[in-house]
Amino acid sequence: MNKEKEENSLQVTRYGVGSNVGFLLKETVKCYPFLLVLCFFSIVIGIVIPVITTFLPKIVIEQITTGVELKDILLVTVTGTGVLALCAGGKVFIEKLLYFQRFRMNTYYTELVAIKGMIADYSHQETERFRKLHTESAGACNGNYSPMIQVYDVGIGLCTSALGFALYFGILARLSVVLVVYLVGVTICSCMLNHKTIRFTEKHRDEKVRYQQRTDYLASVSGDIKSAKDIRLYHMNGWLSDVYRKNVEGLNGWYRRYTKTVFGVAVGDAGLSLVREVAAYAYLLYLVISDGMSVADFVLYFGVITGFSAWLSGLFGQVTALSRISSTVNYVRTFLSYPDNYTREGGRELPKASDGPKELSLCNVSYRYESAEQDTLSEISLTVAPKEHLAIVGLNGAGKTTLVKLLCGLTDPTKGCVRYDGVDVKEYNRDGYYELFSAVFQQFSLLPVSFAEAVAEEEPGKIDRERVEACLKTAGLWDKIASLPKGLDSEYSRAVNDEGTELSGGQIQKLLLSRALYRKAPFMILDEPTAALDPIAESKLYETYHEVMKDCSTVFISHRLASTRFCDRIVLMEDGKIIEEGTHDELLLKQGRYYELYETQAKYYRETLIEVEGGVSE
């Protein structure tokens with residue numbers, strides 16, 4: 001029921017088991033068809049081994065009882081066991097190959113999900129449905145035993161069980177149809193009993209996951225260097241231990257109930273197996289005594305009865321497993337087919353970036369986030385002139401970052417439109433439009449790669465190293481990079497390489513500036529990237545950006561008003577609206593809201609400076 005509610009809330013498309021199996025087969029044929037060949041041979045071997053194991057004793061016993069020469073008996077025995085040995089060796093070899101091929105397919109599905117997450121419309125990232133589908137899809141491809149990969153094992157087991165069941169059904173039907181019906185009925189009861197364990201797991205899954213997530217999180221936090229100082233200063237070790245212990249006890253309680261359920265099912269299943277085997281073997285003994293069934297036939301049917309029940313149980317189990325996998329595949333296919341709205345192919349031709357920036361304007365724009373009760377931006381009209389340096393300032397929550405996302409085309413307005421060079425951005429190829437912008441965000445992304453790759457964001461063979469060096473010199477970081485043992489080939493961060501180089505906050509900002517310079521985009525967006533720096537450092541860095549980006553249109557975002565006083569124009573936002581605009585001096589002369597905020601911030605820094613100086617003088 002919980003799964004159905006989740007699927008309904010996420011609007012998961014139910015494709016059906018056949019459709020999902022067809023999708024997986026199609027993707028396998030497209031990428032690694034050899035995997036299906038291995039699956040076929042695995043099925044063949046899975047049938048051959050039990051069939052030989054069942055029929056070989058019958059053949060040997062018949063030869064012994066009929067007086068066949070010893071050499072012929074030995075020939076049959078050696079041939080049969082030899083084939084079994086070859087099949088057993090082939091099975092191990094194929095399983096190793098299957099493991100490797102499944103890993104390749106797992107990588108392929110993981111890549112599909114990752115690429116979809118990276119190239120989908122940015123606006124999707126701000127919707128709960130897309131994020132949850134992304135999480136579910138990534139989890140479905142996580143590990144070599146993930147649901148997307150289990151389908152091959154389940155498929156092999158299902159085909160093997162179906163063929164084995166059909167073969168043994170034909171053999172037993174010749175003996176007694178009533179016996180077949182009896183065995184099927186008992187096996188179905190056994191499967192229904194075993195399904196009780198599955199129902200328990202599904203019903204109480206959320207409880208287990210909740211405890212597991214908490215214990216995993218607490219274990220991670222306790223060993224995280226970021227938490228080490230807080231744990232010691234605030235004596236959190238005892239509290240964390242208590243919380244961890246309570247959740248472990250809850251998890252142990254879940255497993256106790258699960259074990260009790262499994263034990264009860266196992267006892268019941270053993271009882272059914274006993275009843276099934278006793279009745280079946282009693283019938284065989286009756287045939288031996290009353291009808292004179294041969295010893296060879298007795299041994300054959302003895303093995304077939306056992307195998308028949310195993311095939312049938314396996315068949316039911318694999319069908320259940322396939323249904324469960326199909327439910328997971330529904331999430332993945334729904335995510336991969338998530339519709340995009342931005343123009344990605346074709347579209348109107350953009351002005352060349354080399355021609356310099358064009359006019360960028362917001363025309364009566366409003367924007368409201370999903371499930372929000374009111375607009376974050378309300379009827380904003382703003383124009384950024386070519387090569388203008390514009391500052392957008394305001395307190396946290398004023399809507400500054402949302403406005404930037406609209407300017408960059410990361411998301412579209414709820415009302416109104418964004419125009420570049422007089423044309424609605426929606427008419428352009430969105431990927432081409434992104435190339436017009438360089439951006440440095442507060443939450444930046446830098447991979448632990450060489451500094452040359454970090455600046456160019458290209459593969460090593462495509463990097464213009466002279467250009468990288470020039471950008472680092474302009475940003476003021478070249479002396480630091482040149483002093484490293486490997487220079488540009490030195491790696492940033494120790495996240496992956498212990499020999500990597502860590503940078504200070506100011507140095508990271510210079511590296512980000514180098515990356516922005518390398519891109520040579522006509523528009524530069526700075527969305528509070530220096531919020532973690534002190535006001536003086538932020539002001540100096542912004543002035544550096546102002547100088548090196550003189551031929552670009554630049555938008556500076558900050559909640560510190562003094563940092564952007566050098567800009568051509570300053571726009572003050574509050575509650576999603578533009579309430580004042582002008583130069584720094586003009587806004588101070590108006591003595592309006594900008595003046596109030598500026599004086600409040602200036603007063604704070606003056607008081608801080610007096611306290612510091614007073615402390616020093618003392």
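This is a predicted model: local features need pLDDT of at least 70, side-chain atom pairs count only at pLDDT 80 or more; totals for chains, interfaces and linings use all residues.
Helices and strands are here DSSP runs, helices of at least four residues and strands of at least two, numbered from the N terminus. With the elements named in this way, D421 falls in the loop between β4 (415-420) and β5 (423-424).

**Positive phi angles**

D421 is not a glycine, yet its phi is positive, at about 55°. With a relative accessible area of 41%, the residue D421 is partly exposed. A positive phi also occurs at N364, again a residue other than glycine, where the value is near 50°. N364, however, has its place in strand β1 (residues 360-367), and its relative accessibility of 43% makes N364 partly exposed.

**Cysteines**

How many disulfides does the model contain? The count comes to zero, where a disulfide requires a pair of cysteine sulfur atoms within 2.5 Å. For C363, the closest cysteine sulfur is that of C417 at 4.3 Å, and this is too far for a bond because the cut-off is 2.5 Å. C87 is likewise in no disulfide, and the nearest cysteine sulfur, which belongs to C39, is 17 Å away from it. As to accessibility, C363 is partly exposed at 27%, whereas C87, at 13%, counts as buried.

The relative accessibilities of the residues discussed in this report are set out here.

| Residue | Relative accessibility | Class |
|---|---|---|
| C87 | 13% | buried |
| D121 | 0% | buried |
| C363 | 27% | partly exposed |
| N364 | 43% | partly exposed |
| D421 | 41% | partly exposed |
| Y545 | 0% | buried |

**The pair α3 and α11**

Two packed helices are described by the angle between their axes and the distance between the axes. For helix α3 (residues 34-65) and helix α11 (residues 295-336), the axes come within 7 Å and cross at roughly 165°. Since angles over 145 degrees count as roughly antiparallel, α3 and α11 are therefore roughly antiparallel to each other. The crossing in which α3 passes α11 is right-handed. On the α3 side the contact is made by G46, I47, P50, T54, F55, P57, K58, I61 and E62, and on the α11 side by V295, A296, D297, V299, L300, G303, V304 and W311. Sorted by class, this contact of α3 with α11 holds eleven nonpolar residues, three polar ones and three charged ones.

**Two buried residues**

Is D121 buried or exposed? At 0% relative accessibility D121 is buried, because buried means under 20%. D121 lies in the loop between α4 (70-119) and α5 (128-140). Although D121 and D340 are 219 residues apart in sequence, their C-alpha atoms are 5.9 Å apart in space. When residues up to four places away in sequence are not counted, D121 touches D340, N341, Y342 and R344.

Y545, which also counts as buried at 0% relative accessibility, lies in helix α18 (residues 535-548). Which residues are in contact with Y545, leaving aside its neighbours within four places in sequence? They are V440, Q509, L512, L513, L526 and F556. M573 stands 28 residues from Y545 along the chain, and the C-alpha atoms of Y545 and M573 are separated by 22 Å.

Key. Residues are numbered from 1 along each chain as its sequence is written. Side-chain values use heavy atoms; hydrogens and water are left out. Axes are lines fitted to C-alpha atoms, for helices over the stretch in contact, and angles run from 0 to 180 degrees between N-to-C directions. Angles under 35 degrees count as roughly parallel, over 145 as roughly antiparallel, 65 to 115 as roughly perpendicular and the rest as oblique. A crossing is left-handed if the near helix is turned anticlockwise from the far one by less than a right angle, and right-handed if clockwise. Contact means heavy atoms within 4.5 Å. Ala, Val, Leu, Ile, Met, Phe, Trp, Tyr, Cys and Pro count as nonpolar, Asp, Glu, Lys and Arg as charged, and the others, Gly among them, as polar. Buried means under 20% relative accessible area, exposed over 50%, partly exposed in between (1.4 Å probe, protein chains only).
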